[in-house]
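Please look over the sequence and the model shown below before reading on. The report that follows is meant for a reader who meets this structure here.

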Amino acid sequence: MRQTGTKKPIFYNISHGVHFANAYFNGEIQGGTFQWYPTGLGYQKEIPVNVLPNVDKYNIPFDSVIRERKGAKLVYEFDAADVGGSYVYPAMARSFREAGIQIATHFAYDPTFLAPFNTEYNTHYMNLAYTPKKALALKICSEIFHEIPMYTDFGKYPNNKNFSNFLVDNERNLAVYNTEEKFIHTNSTTIDPINELNLKHISGYKSSPLVKYDGRGAYFLDKIEKGLWRLELMPDALPIADPFGKNSVGRKVSSIKWNKHKMKVSLKELGKKFNIQAINKGNEFNSVVARDGEFEILPGTYIFNNLENKTKWSAEDNFEGYELGHYYAPKQNVDGLTLNHEPIDEISVEHSLKIDARIASQGNLKEVNVLFYENGAAKTIKMQSIDKFHYTVAIASEKIEVGNFEYFIVVTFDNGDSYTFPENRKGQPGDWDFDNEKTYSTRVVPTDFPIHLFDADEDSRFLVSPWSKSSFKLLPIEKKDQSIYEVNIDELFVLDSENLNAKPIFDFSFKHFIQDKIKGRKGGLSKKEELVINGRSLNGKNCKVQVALVMENGSSFGTIIELTPEAMDHRVKLEDFKLVKTVLLPRPYPSFLPYYFDHNNESKFEVEKVEAVQFSVGPDMSKSELKESHGVGIISLRME
């Protein structure tokens with residue numbers, strides 16, 4: 001390459017053969033390139049848990065070689081695949097800077113014309129118009145790279161959720177950047193800006209102490225001069241399906257709608273009354289004066305100026321390389337009526353039933369109701385609108401009996417037309433010619449019933465396991481409508497061809513996310529005393545398995561059971577669970593990244609905060625056992 005005459009720095013991808021690190025630099029490279037997929041790839045739906053443990057550290061075990069050779073480090077692709085949360089990217093950027101990374105580029109930005117379908121890469125999803133919260137998170141990442149010095153160490157999780165001028169909060173799906181001049185937030189927040197009077201830029205989604213907004217698009221406020229601000233407001237992004245499934249251009253996952261929304265801007269230098277003027281081409285918004293900082297507004301570009309500011313400006317003036325009035329957003333593309341609702345599988349009889357629905361429509365909705373039958377009589381309960389898209393209601397426990405609670409969701413438009421879901425059938429169940437009997441259904445059980453966490457037939461498809469040549473099979477068993485998920489493991493440690501110097505770890509672990517199983521039974525978790533595993537060992541010999549419950553904060557508590565070749569229930573007392581190692585699953589890439597989660601969590605087992613179940617083959621085995629093949633079959637898992 002040098003013989004061509006180039007004098008530019010040469011970077012080589014050293015993460016695919018890290019045991020050759022010295023050889024790469026002997027070849028006179030100036031730096032190494034890396035990548036990071038901390039949540040694996042291709043889970044086939046959104047990962048539902050806190051993934052901050054997965055992005056806590058970007059540990060490069062051969063970093064001493066790079067630093068000794070004064071090599072630079074560049075990440076050419078990264079993404080938290082199958083994650084919709086906006087809190088993740090800034091945590092990744094923090095870990096990159098701690099590792100001495102100078103440049104990091106996000107992997108895949110969806111072209112806007114394909115973004116409604118996310119067909120570019122199903123496991124990734126990024127577009128300002130369609131994923132505004134994630135886009136704002138990437139904007140914060142840029143600030144991290146410009147502000148945080150390389151090799152700055154902010155400690156271990158959870159002590160590093162606040163760092164410098166940044167915050168990441170998985171519980172609120174929130175990231176914040178807060179300085180004298182900039183305030184950026186990816187979701188609603190109550191955090192006050194450090195110094196409002198010095199602010200020059202505000203980016204946000206939903207509301208903060210500075211801006212109250214009930215729309216679903218990103219907005220950007222920039223100070224032109226004192227008393228004169230520019231607003232750029234994106235239209236509503238309406239997610240109508242899980243974007244990480246099997247996608248096609250025949251299946252929309254998100255739509256755009258140009259709704260009018262209320263906004264309140266609370267900036268002292270603008271005052272409570274200020275002029276609002278549309279400046280982008282084609283925007284027919286009439287100029288208004290805000291009253292107490294409040295007004296209604298459509299997507300577009302605007303100038304805000306207080307009543308004292310007399311500055312002359314033009315929509316053609318330069319603004320950050322564009323014209324002041326520049327604006328682009330996708331056209332409205334809502335198709336008909338779409339309702340996205342997943343009924344809760346099971347609830348305890350003494351608990352209310354929360355019902356959420358996301359509804360996208362071309363027309364204006366008058367009301368949305370849940371309809372069910374009580375003693376043969378139809379009952380309706382009105383759902384409350386949160387932001388013209390998200391509707392919610394709680395059915396009181398007094399209206400719910402043990403059995404199957406079956407219900408419809410009825411959407412009514414301003415013109416009187418009604419449509420009933422789940423079939424999207426015109427009309428209502430009480431109409432004489434309504435012939436659809438399909439309903440949503442939630443199983444209602446007594447509190448003392450077991451809480452079922454895993455069923456091989458239903459749940460094995462979404463088990464999280466490492467990339468492996470091991471054999472995985474779902475097979476029928478003698479009991480009708482039951483199956484066993486068999487895992488045959490040839491070797492607990494397999495040499496990593498990309499990292500031959502790695503310390504051997506004799507472990508094979510797989511994980512099951514259980515939020516959907518327990519969200520209607522959480523109130524009863526603390527009353528359960530035992531974990532019951534129905535399964536068996538394979539290949540005619542016993543097999544030790546560590547079964548652990550993984551908490552929201554990434555800590556795991558578990559115990560060892562010994563499966564026998566005969567399928568049976570194995571019972572373990574929850575009070576006997578001890579702190580065990582958490583395996584980072586899905587496994588990150590590159591493969592040199594840590595296998596276990598190293599944290600500073602308090603060692604306290606709170607079963608109400610469980611997120612997943614972790615099965616591990618390897619713990620508590622002798623040296624000779626670790627080098628043998630092993631096999632386990634899991635039929636079901638429940639708490640009693």
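This is a predicted model: local features need pLDDT of at least 70, side-chain atom pairs count only at pLDDT 80 or more; totals for chains, interfaces and linings use all residues.

Residues are numbered from 1 along each chain as its sequence is written, and side-chain values use heavy atoms, with hydrogens and water left out.

**Strands and a helix**

Helices (H or I, at least four residues) and strands (E, at least two) are DSSP runs, numbered from the N terminus. Buried here means under 20% relative accessible area, exposed means over 50%, and partly exposed lies in between, with a 1.4 Å probe and protein chains only. Two strands are said to pair if DSSP finds at least two bridges between them.

Strand β7 (residues 174-178) is mostly covered, with 5 of its 5 residues buried. Leu-174, Val-176 and Asn-178 lie on one side of β7 and Ala-175 and Tyr-177 on the other, so that both faces are covered. Strand β6 (residues 166-169) runs antiparallel to β7 and is joined to it by 4 bridges, and in this pairing Leu-167 has Val-176 of β7 as its bridge partner. The two strands β6 and β7 make a hairpin with 4 residues between them, and Asn-173 in the turn has a positive phi of about 50°. On to strand β8 (residues 182-185), β7 is again antiparallel, this time with 3 bridges, and Val-176 stands opposite His-185 in β8. A hairpin is formed by β7 and β8 as well, with 3 residues between them.

Elsewhere, 4 strands form an open antiparallel sheet in the order β22-β24-β28-β27. Its edge strands, each pairing on one side only, are β22 (337-340) and β27 (384-385). Strand β22 pairs with strand β24 (residues 353-361) in the antiparallel sense over 4 bridges, and Ser-361 in β24 is the bridge partner of Leu-337.

Helix α4 (residues 132-147) has 16 residues and reaches 23 Å from its first C-alpha to its last, close to the 22 Å expected at 1.5 Å a residue; the expected span is 1.5 Å times one less than the number of residues. Among the buried residues of α4 are Leu-136, Ile-140, Ile-144 and Phe-145.

**Salt bridges**

Side chains of opposite charge can pair when their charged atoms come close. A salt bridge is counted when a side-chain nitrogen of Lys or Arg is within 4 Å of a carboxyl oxygen of Asp or Glu, and a search of the whole structure finds 33 of them.

Arg-94 and Asp-56 meet through their side chains at 3.7 Å, N to O. This pair links distant parts of the chain, 38 residues apart, with Arg-94 in helix α3 (residues 88-98) and Asp-56 in the loop between β2 (31-36) and α2 (63-68). Both Arg-94 and Asp-56 are buried.

How far apart are the closest N and O atoms of Lys-438 and Glu-423? They are 3.9 Å apart in this salt bridge. Lys-438 counts as partly exposed because its relative accessibility is 48%, and Glu-423 is partly exposed at 33%.

The side chains of Glu-486 and Arg-536 form a salt bridge of 2.9 Å, N to O. Glu-486 lies in strand β35 (residues 483-489) and Arg-536 in strand β37 (residues 530-537), 50 residues apart. Glu-486 counts as buried because its relative accessibility is 11%, whereas Arg-536, at 25%, is partly exposed. Shared partners also join Glu-530, Asp-569, Arg-571, Lys-573, Arg-638 and Glu-640 into one network of salt bridges.

**Cavities and a pocket**On a 1 Å grid over the protein atoms alone, a cavity is a set of points where a 1.4 Å probe fits but cannot get out, and a pocket is an open set with protein on both sides within 12 Å along at least five of seven lines; lining residues have an atom within 4 Å of a point. Grid points are joined across faces, edges and corners, and a volume is the space filled by probe spheres set on the points. Ala, Val, Leu, Ile, Met, Phe, Trp, Tyr, Cys and Pro count as nonpolar, Asp, Glu, Lys and Arg as charged, and the others, Gly among them, as polar.

The structure holds 2 cavities of 30 Å³ or more.

| Space | Volume | Lining residues by class |
|---|---|---|
| Largest cavity | about 110 Å³ | 9 nonpolar, 4 polar, 3 charged |
| Second largest cavity | about 40 Å³ | 4 nonpolar, no polar, 3 charged |
| Second largest pocket | about 1200 Å³ | 21 nonpolar, 9 polar, 8 charged |

Of the 16 residues lining the largest cavity, Asn-50, Pro-53, Asn-54, Lys-511 and Val-550 are the closest to its centre. The residues lining the second largest cavity include Trp-229 and Leu-267.
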